[in-house]
Each structure stands twice: as structure tokens, then as C-alpha cells.
Amino acid sequence: KVTSGMANTLLNLNAYYQKDPSAGIYNTVPSTGSVFGTPYGRLDTDFYAGDKNWNSYEREVWLPGYKLHHDFGGGWTFLHQLRYMDADAYQENTYNTGLASDFFPGVPGADRTLLRRAYLTDEAATGLTVDNQLAGTIRTGPLEHHLLFGVDYLELDSDVEYEDAATLPLDLFAPNLNQINPATLDFAASGLSSDFDIATDQLGLYLQDQIRLGSWVLLASGRYDEYDYEETGIKYGFPATSKIDQEQFSGRVGILYQFANGWAPYLNFAESFEPVGGSDRNGNTFEPATAEQWEVGVKYDSPDQRSRFTLAAFEITKENDLTRDPNGGPLDLIQSGETRSRGVELESRFIPNENLTLMFNYTYLDVEVTEDNSGLEGKTPVWVADHTASLWTQYDLFEGPLAGLTLGGGVRYVGETELDALNTDTVPDYALVDLAVFYDLGRLSANMRGLSLKVTANNLTDKRYTSCFDRNNCWFGAERTVEVGLRYEP
């Protein structure tokens, strides 16, 4: 990263490179044995359902770019950003297709034989993103306009190769992880071989005006997008003929009143546009996903800055949201029609004294598929918890022999979620405990000024928890992790 400045112009050159020659991968486990118990017990949280002979993940990413900022004076600035991407990734892995009645010799019972398939992906992508912003302030009498004009552009070209083959099943409670012989995998028999290219272009124009009149703040913005998407080649055994041209205008308007005592009620309405490429299992191309959000709330900042919180209620209606096809295979997606999300959010921070800081966040969500023609109407999407909350306490010592020491601890809570798109069962809720210790080593010696030590422990109690996409695809949550780090700031 190199930065140079000249008068009112700043140029920042940056580059990022990452190479993972042998990262390894983690695959999913069935809900049986992870979420639900079995006559044979439960799976260990480090259980692996793949094969040592078919487990590879290689990745290389190169991201050069620059940022140019110029100050014209008089409150007007121009920002130009560009980044180029060149990335590729290769993996060999297995996925689960369900449980079968047991057929291992001498082992009675069922629900322990996991059916699997082996697959590989070989992907390469190049892309370019450009963003230009002109910002400035105009005053007309009592009105103050903070203006932002922007143009952004995205170009992304991808090449995707995919192969899929049947392979041997796995006994969940007596796993043999050396069953796959790569030379015997019959990819041609599956009919899912793929080698296709994806070309994506997106152009966006946006404008924002934040108007201040005394204690009133009005925000109005709009964005126009043009999106082109095309697939060519062979995709899952069929010609890739998907071609999509989408365009959309989306807007936002909000109003806030700032009282002198720190209270600020507000009302906001926003639209969104998310282009969606690809097609469903019947070859129908996807429509763009659009949404509307209403939000009403109140913010508070105490005059001494020791208390701050935001309370908001919202409703979001999203159309054409992508979800798993309940009647299709593991790779098939559909658009669910319309999904409605309602909820309440609370974010707060309190500083009772100069040493103690308390932060509490809470979210209540009520999410439902309100329109659908594939059996999902009235259902709640996966990974959506009704209740989530977090509490963090931090204590800083500024005087005495332990001056420079910071102690922190907190709890994260995630409520129960649905097991699958059809809501046939639920995944239990969980709470995790985290701790952190920070120490300024410069307090010990002037020679260590700018050097600090940090120790963190996440999921301190090593709580077992899971999340699921469907009955065949669940993940164990991260086990207890302890990290020690040194940081230097000159």
C-alpha cells in the first residue's frame, strides 16, 4: 500500500495477494446425529463426512487497485476508486444426499448410513470495479444541501467447471475415510458435467441530497441500475442459454428531527434492487429481486455522550428472493415469490463511569413467505431466528499497578431457527460466552510504547451448537477458540 499527496490531491495505491495452496475444506453433516440424537449417540463436533483421498481446496487471489481523492475547495471533493480482480479456486469434496437403511454387515438398525456423491469445481474469474463520487455542500438561505453524485461500474467474467459422480456411502458411527479412488469416479454417468462461462456487467447511477433546516434533516436519494448477464457453454449437462437484461430505479427518502436534549425521532422509506443471474431447474431465468422497507424509530445521544441508543421498528417486503427448491436437487434454486420481514431492533451503549462500558443489542424478527407457488407460502426461511441478543461489558483500568489493562466479557444469544424450507422441525437456540483481555505494554516500559497484547476466548464454555440449510446439510458451530496477538502502532 503506497500513498502520496500533492496539494489537494491524494493518490493511494493498494494491492492484496493471497495464495492457499492446500487449505482443505469442511463439508456438511446430516441433522441426524448433529441436531437430533440417535440410538448410537451423537456425532462429535469434529466429525468429517468426506474422504481423505478426495479433499482438496486451492485458491489464489490478486487484487490491485488505487484510490484518487481531490479537494476542489469550497466544500467540493471528488473520489475515484478502481480495483481489478484475478482469482481462481479448485476443490474436491463430497456432499450428502440423505440417509439410507443400514446395510453394513453385522450392524443392526438404520439412520447411520450416509449416502454421498463426489464432486469437483474449477473456477476462474476476472473482474473490474470502478466508482466515481462527486460530493459537495450548497447553502441556499436557511437550507444546507449535502450533495453526492456517483457512477459505478462492475464487469465480471467467470469460467466454471463442475463434475459430479456417485461414490461409496459412509457409516456415521464407524466412518472409513479412505474409500474413494479418484481414478474410478465416473463423472460422465451423472449427466451433470459443466463447463460454462458467465459474463456480467452492471452500471449504476446514483444521487443523494441530505438537506438540513435547523433541527430538521431530510434525506432523499435515487439509484438507476442496468444489469446484463449471460451464460454460455454446458451447465449441469444442458446447454447454458441464460441471458438476462435487467434495469431498475430504486429510491430512498427519510426524515429526522433533532431535539436539543439528544432525542431524534425518524422515519425512513427505501427501495432496493438486486440483480439475479441464472435459472431454475426448468430453465426459467430469474427475475431481479426487489424490496421495500419502512422504518420508524428514535435515536438518543445524551449531552455527556455517556448514553446512546437506537430503537427501531421495520417492515421489509422482498420479491423474488432466491431459496432452495424443495422439489429439486441440492443445486436447484427457485424464487420464492414474496417474503415479508417485520421486526424491532435495539442498539444501546452506556458508560456509567469512566471505567465501565456496557453494550446491549436485541433484535426480534418475524419473517414469512407470503406469496409462493411451490409449497413455501406461510413458511419461515432457514437461518432466521425470532430472537437474537448480545451483551458486552468492558472495564478499563487507567490508574494503579494494573493501569493499561482492559477486561471484557459478554454473551451472544441466537434463538431457534427452522430446520428446512418446509419447516418440518427446528434447530435449537444457543448462547455463547466470550472473553477478552487487552494490555498496553507501553505501561511497563517506554521502549514498548505503541505495543499492546490482546487475548480473546470465543465460545469459552465450548458450547455445542448447529445451523442447518436442510435435513442433509448442517454445520457445527465454532468450538472454543483462544487467540493471542501482539499489535504495534507507531
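**Getting to know a predicted model**

Biologist: Now to confidence: where in the chain is it lowest?

Modeller: The chain averages a pLDDT of 90, and 94% of the residues score at least 70. Strand S19 (residues 387-396) has the highest confidence, at 97. The lowest, at a mean of 56, is in strand S1 (residues 2-6).

Biologist: How many contacts beyond four places in sequence does the model have for residues 102-109?

Modeller: This is a stretch to read with its confidence in view, as pLDDT stays under 50 over residues 102-109. For these residues, the contacts beyond four places in sequence number 13.

Biologist: Which cysteine does the disulfide join to Cys468?

Modeller: A disulfide is a covalent bond between the sulfur atoms of two cysteines. The count here comes to one disulfide. Its sulfur atoms are 2.1 Å apart, and the partner of Cys468 is Cys474.

Biologist: Are Cys468 and Cys474 buried or exposed?

Modeller: Cys468 has 0% relative accessibility, so it counts as buried. Cys474 also has a relative accessible area of 0%, and the cut-off for buried is under 20%. Cys474 is therefore likewise buried.

Biologist: Is that disulfide right-handed or left-handed?

Modeller: Look at the torsion about the S-S bond of Cys468 and Cys474. It is about 105 degrees, so the disulfide is right-handed.

Biologist: What is phi of Asp462 near?

Modeller: Asp462 sits in the loop between strand S24 (451-458) and strand S25 (466-470). Its relative accessible area is 34%, so Asp462 is partly exposed. Its phi is positive, in a residue other than glycine, and is near 55 degrees.

Biologist: What is phi of Trp383 near?

Modeller: The loop between strand S18 (356-371) and S19 holds Trp383. Thr417, a residue of strand S21 (residues 417-418), touches Trp383, among others. Trp383 is not a glycine, yet its phi is positive, near 70 degrees.

Biologist: Last one: what separates the C-alpha atoms of Asn55 and His145?

Modeller: Asn55 is in the loop between strand S2 (9-20) and strand S3 (56-73). Leaving aside neighbours within four places in sequence, Asn55 is in contact with Gly24, Ile25, Tyr48 and Glu92. His145 is 90 residues from Asn55 along the chain, and their C-alpha atoms are separated by 57 Å.

Conventions: Residues are numbered from 1 along each chain as its sequence is written. This is a predicted model: local features need pLDDT of at least 70, side-chain atom pairs count only at pLDDT 80 or more; totals for chains, interfaces and linings use all residues. Side-chain values use heavy atoms; hydrogens and water are left out. pLDDT is the predictor's confidence in each residue, from 0 to 100. Helices (H or I, at least four residues) and strands (E, at least two) are DSSP runs, numbered from the N terminus. Contact means heavy atoms within 4.5 Å. Buried means under 20% relative accessible area, exposed over 50%, partly exposed in between (1.4 Å probe, protein chains only). A disulfide is a pair of cysteine sulfur atoms within 2.5 Å.
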